[in-house]
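User: I am new to reading protein models, and I would like to learn how to describe one carefully. Could we go through it feature by feature?

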Amino acid sequence: MRGHTNLSIHELTISGLFAALIGAGAFIKITLPLQPVPMHFTLQWFFVLLAGLLLNKRTAAASVLVYLFLGLAGVPVFASGGGPSYVLKPTFGYLLGFAAAAYVMAWMCEKFQVPGFPKLLLVSMCGLVMYYGIGLAYYFFACRLLVGRQVPWQMLLFNGFFLTAWADLGLCAAAAGAAARLRVTVRRGRL
């Protein structure tokens with residue numbers, strides 16, 4: 001008998017597909033040579049958004065968790081490689097933010113029946129706040145505790161938010177538009 005925590009074959013397949021898309025998105029990047037560590041603008045967020053807007057909460061979270069597991073196991077699917085030591089990088093918090101954001105966006109779509117572009121855009125922006133919130137907090141504490149460098153909050157906001165958030169807002173709009181068209185297909189089981 002199938003329990004509530006087990007994923008179906010269809011959900012596992014979709015999770016694997018989205019994990020691969022998120023990984024592929026890491027290779028489409030612009031590196032910003034910032035201090036104390038470089039930041040990357042990638043298309044990973046676009047695929048995390050699609051997972052959160054199109055899939056149920058378990059499948060959306062599973063897709064990002066599979067991606068994280070692969071990267072931490074040593075497969076170079078992160079923007080700067082992979083391996084267990086990646087958790088020591090100040091930017092690892094953004095990857096954790098992906099998982100939380102995907103789950104919350106999918107939960108919001110399920111809970112509030114979010115069919116159209118305006119609501120999907122709002123949900124994606126809520127995911128963006130979660131993604132950046134977790135990423136910035138991890139960045140701050142990792143720089144302080146792991147890198148041994150105090151990062152002033154102004155530098156943190158500028159480097160960790162303002163330089164990339166505008167482009168990520170654009171990805172929110174693009175993903176909301178794509179999801180508005182794809183949701184009918186996904187919900188009918190055609191994906």
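Analyst: Let us begin with the elements: helices (H or I, at least four residues) and strands (E, at least two) are DSSP runs, numbered from the N terminus. This is a predicted model, in which local features need pLDDT of at least 70 and side-chain atom pairs count only at pLDDT 80 or more, whereas totals for chains, interfaces and linings use all residues. Residues are numbered from 1 along each chain as its sequence is written, and side-chain values use heavy atoms, with hydrogens and water left out. The protein has 6 helices and 2 strands, and from the N terminus on its elements run α-β-β-α-α-α-α-α.

User: Which residues of α3 are buried?

Analyst: Buried means under 20% relative accessible area, exposed over 50%, and partly exposed in between (1.4 Å probe, protein chains only). In α3 the buried residues are Thr-59, Ala-60, Ala-61, Ala-62, Ser-63, Val-64, Tyr-67, Leu-68 and Gly-71. Their cover includes α1, α2 (44–54) and α4. Helix α2 is itself mostly covered, with 11 of its 11 residues buried, among them Trp-45, Phe-46 and Phe-47. In the protein as a whole, buried residues make up 45% of the 191 residues.

User: How many salt bridges are there?

Analyst: Side chains of opposite charge can pair when their charged atoms come close. The rule used here asks for a side-chain nitrogen of Lys or Arg within 4 Å of a carboxyl oxygen of Asp or Glu, and the count comes to 2 salt bridges. In one of them, Arg-58 pairs with Glu-11, their closest N and O atoms being 2.9 Å apart. Because Arg-58 lies in helix α3 (residues 57–72) and Glu-11 in helix α1 (residues 9–25), this pair ties together parts that are 47 residues apart in sequence. Glu-11 counts as buried at 11% relative accessibility, whereas Arg-58 is partly exposed at 25%.

Glu-110 and Lys-57 also meet through their side chains in a salt bridge (3.4 Å, N to O). This pair links distant parts of the chain, since Glu-110 is in helix α4 (residues 92–112) and Lys-57 in helix α3, 53 residues apart. Glu-110 is partly exposed at 27% relative accessibility, and Lys-57 is partly exposed with a relative accessible area of 25%.

User: Where is Val-75 found?

Analyst: Val-75 is found in the loop between α3 and α4, and it is partly exposed, with a relative accessible area of 36%.

Methods: Contact = heavy atoms within 4.5 Å.
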